[in-house]
Amino acid sequence: MKPNEQLHRGLEERHITLMSLGAAIGVGLFLGSASAIKMAGPAILLAYAMGGAVMFIIMRALGEMAIHKPVAGSFSRYAKDYLGPLAGYITGWNYWFLWIVTCMAEITAVGIYMEMWYPDTPRWIWALAALVIMASVNLIAIKAYGEFEFWFALIKIVAIVVMIITGLAIILFGFGNGGVATGISNLWENGGFAPNGFQGILMSMQMVMFAFLGIEMIGVTAGEVKNPEKSLSRAINSVFWRILIFYVGALFVIMSIYPWDQIGTNGSPFVLTFEKIGIGQAAGIINFVVITAALSSCNSGIFSTARMLFNLAQQDQAPSGLKKISKSGVPSAAVLTSAAVLLIGVLLNYLFPESEVFVWITSISTFGAVWTWAMILLSQLKFRKSLSPAEIASLKFRAPLFPYASYVALAFLGLVVGLMAYFPETRIALLVGPLWLVGLTIVYYAKGFNKTTPTDNKKAA
């Protein structure tokens, strides 16, 4: 690979640690958890625990390949190497588009949240400002991206930890409740622990898995982290515990304090919890936290899409100009391309109602996430078959219970897709998603990508 096509390893262990923590915490936990609770009741805790266990299996499979072969593009490159060029092409472009549409939602969210403080300013101005700022951060240097993501993640983590500690004080000691401990009886009162039965848990699974979108981004950093073996292995091994603490822990506290069927009717449960102990500015504080969460997602999205474009260009499956690296080691052409496409998101949300665009964004994102996770598992299965017994024994990071855990995770993802088809509210995802994949396949053959041989495929590794 030419010197000006080499990414810089500027991410340190503290960046990866906080990024991996932040990746598990999205806007959905602060504002969107209420809708999932309405479906499953307190049993949503089981749904998040099951989903978290599956994500741990997927991340261990990704970590096994990423530590063995730390490259930009991560699972797109692994899909190409072990499942074939078409699989790598579709996975890379699908993940790029997945994050593009997700970023469109996030920059729109920034505009919505800023209306609380500046109601007279047009929403699209804040969306545009968020896009320009985050694109600029990604153009400076990989360390600048890491620093921003470090502090964004820290804000989210501190907010959740404070909420959990405060909630436990209310549950155990009646703090802010006149000294009367609330206990945890709300978890089984008001219709029981699973008021909507097993069907309620199944209905919530699509939303639960959507909440985990972004965790796999840790693998995309493999080409730019200083010590992949140490940093990635530590981040991946803590995935399940992060989900237990931040999702299961936070929702356990919230549903213990408030009856599950009242959550979401009077605003964010996080705001209610802080207001209960006398913090008058709770709404403003949580609004600030949610804005940083949206900016964090946009920041990560631009990072991920740029690395995917860079990787696709290396494999001659995208314009060669996207391989250009700036003096600071950033794929600048890919960053600018992704940012330019995101301007369409600003325009769409200026022209159309937010709800109209949101359905499509959620559908494509959910389907795209399931496709990405399935490709990770299938790539790992073929990766293992390509190794000799001696090579397998020498792997520095191995997925547990192979291959059974991978098959279980694949079956679970199949269940999620089946549930999306079963429930009318999510069925649109199985119309939009496959059409997108068919479109990618047509372009693949029309452009003759199946007949080209990447010029620096060997060296890029």
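Predicted model: local features only at pLDDT ≥ 70, side-chain atom pairs only at ≥ 80, totals over all residues.
Entry 1: I started with the total, and the structure holds 4 salt bridges. A reminder to myself: side chains of opposite charge can pair when their charged atoms come close.

**Entry 2: Arg 384 and Glu 64.** I looked at this pair next and found their side chains joined in a salt bridge, with 2.9 Å from N to O. What does the pair tie together? Arg 384 belongs to helix H15 (residues 354-385) and Glu 64 to helix H3 (residues 44-68), so the bridge ties together parts that are 320 residues apart in sequence. I then checked both partners for burial. Arg 384 is buried, at a relative accessible area of 10%. Glu 64 is buried as well, at 1%; the cut-off for buried is under 20%.

**Entry 3: Lys 69 and Asp 81.** Here I found a salt bridge whose closest N and O atoms are 2.4 Å apart. Lys 69 sits in the loop between H3 and helix H4 (75-83), while Asp 81 is in helix H4, and the two are 12 residues apart. Asp 81 came up as partly exposed, with a relative accessible area of 28%. I also asked which residues are linked in a network of salt bridges. They are Lys 69, Lys 80 and Asp 81.

Terms used:
Residues numbered from 1 in each chain as written. Heavy atoms only, no water. Helix = DSSP H or I, 4+ residues; strand = E, 2+ residues; numbered from the N terminus. Buried < 20%, exposed > 50% of the residue type's maximum accessible area, 1.4 Å probe, protein only.
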